[in-house]
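Please open the model in your viewer and keep the selection panel at hand.

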Amino acid sequence: MIRKNVLVFRELPEDQLTRLQMVHDVTVANPRVAAQEDTFFAALPAAQGLIGSSFRIDAGVLSQSPKLEVISSISVGVDNYDLVALRERGVLLCNTPGVLTETTADTIFSLIMATSRRLVELALYVREGRWTRNIDESLFGWDVHGKTLGIVGFGRIGQALARRAALGFGMPVLYHNPFPVDVPDLAGRVRHETLDALLGAADIVALTLPLTDETRGLMDDRRFGLMKPGAIFVNGSRGAIVDENALLDALDSGHLRAAGLDVFAVEPLPLTCRLRTHPLVTALPHIGSATHETRHAMAELATSNLLQALAGQRPTATVS
């Protein structure tokens, strides 16, 4: 195999980095780290393969990468990549679907539980020494079992979330997707709906759809207004799908009971953002796939994708 130049732009586990170094010449430089930014851009002209995540690869970056053949993203979402520019350049884009499905569904259902039962708020209540007598109704939460869950987006993660809800908690499940999906083990337990109908019927609404031009800003004032009074909103997909000011208005007005958010329009969440401290918001630092096992599996698949592409083989998971 001809050795090629690989640029790793987000740190890899040692065993996966070693896999690359055995067959290719590897530079490791994370452009989000100030001390490594110059090294990253200096390596671009020779790079034939890129592997990493959480950095925008746009036409400007591609213009500095004349030899680039493939980008292997350690993610499922590909909104950090200029897909049009990649197609024009003939650069292959790979991602890591499947390996994070169950873990991300765990996280989203955890947010449903946490917001409904006020778990973070009450854990802090104990930690701060305020639990001095039995709690009263002012600190009660709300049941999850038996509530209607509306899932917006019904790919792998949406379906995994539906299994937890319908099979584990006896929740009626509505879902919105561009087309109905046949999932045999959920037959009779889930129902396809228009988005407006779902929003009006669900006690809890969870987003599990990708960020595209069509979904950007999808949850706006009108759609939050369609949700049932006292409903709970959960987002485990991408922050830019939500108009965050509209969400704050829905919470401030009392129309929504609570929100559980793992993703935001700007990450890390700015200190000035009201979602960080809002009493009705359970906010997490984008941990959907953040377990030791899943992140390693993602890195392993991304490394395999890159090695396959650079060897002239069809990678396991490609986007374009």
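Which residue's side chain meets that of E128 in a salt bridge? Select R130: the side chains of E128 and R130 form this contact, at 3.0 Å from N to O. A salt bridge here is a side-chain nitrogen of Lys or Arg within 4 Å of a carboxyl oxygen of Asp or Glu. R130 is partly exposed, its relative accessible area being 42%; the classes are buried under 20%, exposed over 50% and partly exposed in between, with a 1.4 Å probe and protein chains only.

The model is predicted: local features need pLDDT of at least 70, side-chain atom pairs count only at pLDDT 80 or more, and totals for chains, interfaces and linings use all residues. Residues are numbered from 1 along each chain as its sequence is written, and side-chain values use heavy atoms, with hydrogens and water left out.

Next, select D196 and R222, whose side chains meet in a salt bridge of 3.3 Å, N to O. D196 belongs to helix 8 (residues 195-201) and R222 to helix 9 (residues 221-226), so this pair ties together parts 26 residues apart in sequence. Helices (H or I, at least four residues) and strands (E, at least two) are DSSP runs, numbered from the N terminus. D196 is partly exposed at 34% relative accessibility, and R222 is partly exposed at 44%.

Because D25 lies in strand 2 (residues 25-28) and R3 in the segment before strand 1 (5-8), the pair ties together parts that are 22 residues apart in sequence. D25 has a relative accessibility of 38% and is partly exposed; R3, at 39%, is also partly exposed. Over the whole structure, the search finds 13 salt bridges.

The last stop is the second largest pocket, with a volume of about 310 Å³. Among its 16 lining residues, select E121, P279, L280, V281 and T282, the closest to its centre. Helix 6 (119-127), strand 11 (256-261) and strand 12 (281-283) each give two or more residues to the lining. A pocket is an open set of points on a 1 Å grid over the protein atoms alone, where a 1.4 Å probe fits, with protein on both sides within 12 Å along at least five of seven lines; lining residues have an atom within 4 Å of a point. The volume is the space filled by probe spheres set on the points.
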